[in-house]
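Here is a briefing on one protein model with a ligand. Please look over the sequence and structure first.

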Amino acid sequence: MIAIPAAPYPYALPPGKTALVVIDMQRDFIEPGGFGHALGNDVSRLEAIIPTVAALIALFRAKGWPVIHTRESHKPDLSDLPPAKRARGNGALRIGDEGPMGRILIQGEPGNAIIDACAPREGEIVLDKPGKGMFCKTDIHATLDRLGITHLVFAGVTTEVCVQTSMREANDRGFEGLLITDATDSYFPEFKTAAIAMITAQSAIVGWATPLADLQGAVG
Ligand code: TIU
């Protein structure tokens, strides 16, 4: 076990049983013309975390530890899109509609791709998920069990939506979660702060949180 300085107390990281989960670092959330923009958000503020997410991915690759990339995405025929999710919101563009980067949040469209700076490498798991959480209607739990993974380090966007949902789902399934605070962000800075506080409150009721430098310093 490696002791990582973290809130609310040190996180015990077992090498060989820990995977990185990079949530939804997709053009659809980070670039203008995608889903995040269609929802009325200023997407430009998410760019700032890209170098930190890339450095976190590089750390796991250097250690030979697994990296999992998720994409919030739907099949082109929308068969995995609940009508309620399709209908939600009052913006001009909805999931499945044609936007400037192709159909919004649809697999294989330019906007649905992971940004180049965080692009998956050969051999890394890329998980398409139709929900906000990574366990909803996916086979990731069986995959993690098969790999012997018990600990998940989280990064990506957005903190209080897909990152927090995935971390809560993982927590309820018995995984130990650590959120890298400068490798995640929200369209709403106050929601990021609140999500981290909620996750770490009550003696790590959902999990732990720490900046990348503290993880790097501890794992060497
Ligand atoms: N809207 C928003 O903040 N997030 C999402 O819809 N998905 C993810 O967080 N990936």
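Predicted model: local features only at pLDDT ≥ 70, side-chain atom pairs only at ≥ 80, totals over all residues.

Residues are numbered from 1 along each chain as its sequence is written.

**Domain**
- An unreviewed UniProt entry annotates residues 18-206 as "domain: Isochorismatase-like"; such annotations may be inferred rather than shown by experiment.
- Over residues 18-206 the chain is 34% helix and 20% strand (DSSP runs: H or I of at least four residues, E of at least two, numbered from the N terminus).

**Ligand shell**
- Residues around the ligand (C-beta atom, placed from the backbone, within 6 Å) include Asp 24, Glu 72, Lys 132, Cys 162 and Tyr 187.
- The shell divides into six nonpolar, two polar and three charged residues (Ala, Val, Leu, Ile, Met, Phe, Trp, Tyr, Cys and Pro are nonpolar; Asp, Glu, Lys and Arg are charged; the others, Gly among them, are polar).

**Helix pair H6 and H7**
- H6 (residues 159-172) and H7 (residues 189-204) pack at about 15°, with axes 10 Å apart (axes are lines fitted to C-alpha atoms over the stretch in contact; angles run from 0 to 180 degrees between N-to-C directions).
- H6 is therefore roughly parallel to H7 (angles under 35 degrees).
- Contacts (C-beta atoms, placed from the backbone, within 7 Å) involve Thr 159, Glu 160, Gln 164 and Met 167 of H6 and Phe 191, Lys 192, Ala 195 and Ile 199 of H7.

**Helix pair H3 and H8**
- The axes of H3 (residues 50-63) and H8 (residues 212-219) come within 11 Å and cross at roughly 15°.
- H3 and H8 are therefore roughly parallel to each other.

Definitions and conventions. Parallel < 35°, antiparallel > 145°, perpendicular 65-115°, else oblique. Contact = placed C-beta atoms within 7 Å.
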